[in-house]
Amino acid sequence: MARYLLNINGYEYRITGKGEGMPFIWLHGMFHSPEVEDLFAAVDFDKLSRHFRVIRIELPAHGSSEVPSSADRLTWSAIARDVRQIVERTSTGKYI
């Protein structure tokens with residue numbers, strides 16, 4: 001499993017990647033982190049990574065991610081723009 005930071009528009013996103021094949025982009029659920037999901041999620045990420053390259057993105061101000069200096073970075077539209085850039089950097093072609 002690869003864990004790394006990816007700087008998008010001056011913010012360091014925590015990314016976890018595992019597996020091979022078509023990228024499967026996963027945004028953790030609201031109010032927690034990927035680590036909490038590993039404990040309680042209905043999704044078996046190990047099993048999923050046997051068929052896809054699972055790319056998990058920890059959203060700003062969740063889990064171990066820092067709170068952005070500007071609250072504007074926490075709007076749905078700002079996060080959507082950032083996620084799109086993450087997908088463009090981590091995936092080529094099609095993804096789920």
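Start by selecting Arg56 and Phe45: the charged end of Arg56 sits over the Phe45 ring, 3.8 Å from its centre (that is, CZ of Arg or NZ of Lys within 6 Å of the ring centre and within 35 degrees of the ring normal). You are looking at a predicted model, where local features need pLDDT of at least 70 and side-chain atom pairs count only at pLDDT 80 or more, while totals for chains, interfaces and linings use all residues. Residues are numbered from 1 along each chain as its sequence is written, and side-chain values use heavy atoms, leaving out hydrogens and water.

Rings of Phe, Tyr and Trp (its six-membered ring) pair if their centres lie within 6.5 Å; planes under 30 degrees apart count as stacked, over 60 as edge-to-face and the rest as tilted.

How many aromatic pairs does the structure hold? There are 4. Tyr11 and Tyr13 make an edge-to-face pair, 4.9 Å centre to centre with 75° between the planes. Phe24 and Trp26 are stacked, at 6.2 Å and 15°.

Now colour by burial, where buried means under 20% relative accessible area, exposed over 50% and partly exposed in between (1.4 Å probe, protein chains only). Tyr11 is buried at 7%, Tyr13 at 0% and Phe24 at 16%.

Last stop: Asp82, buried at 2%. Asp82 touches Ile8, Asn9, Tyr13 and Arg73, leaving aside residues up to four places away in sequence (contact means heavy atoms within 4.5 Å).
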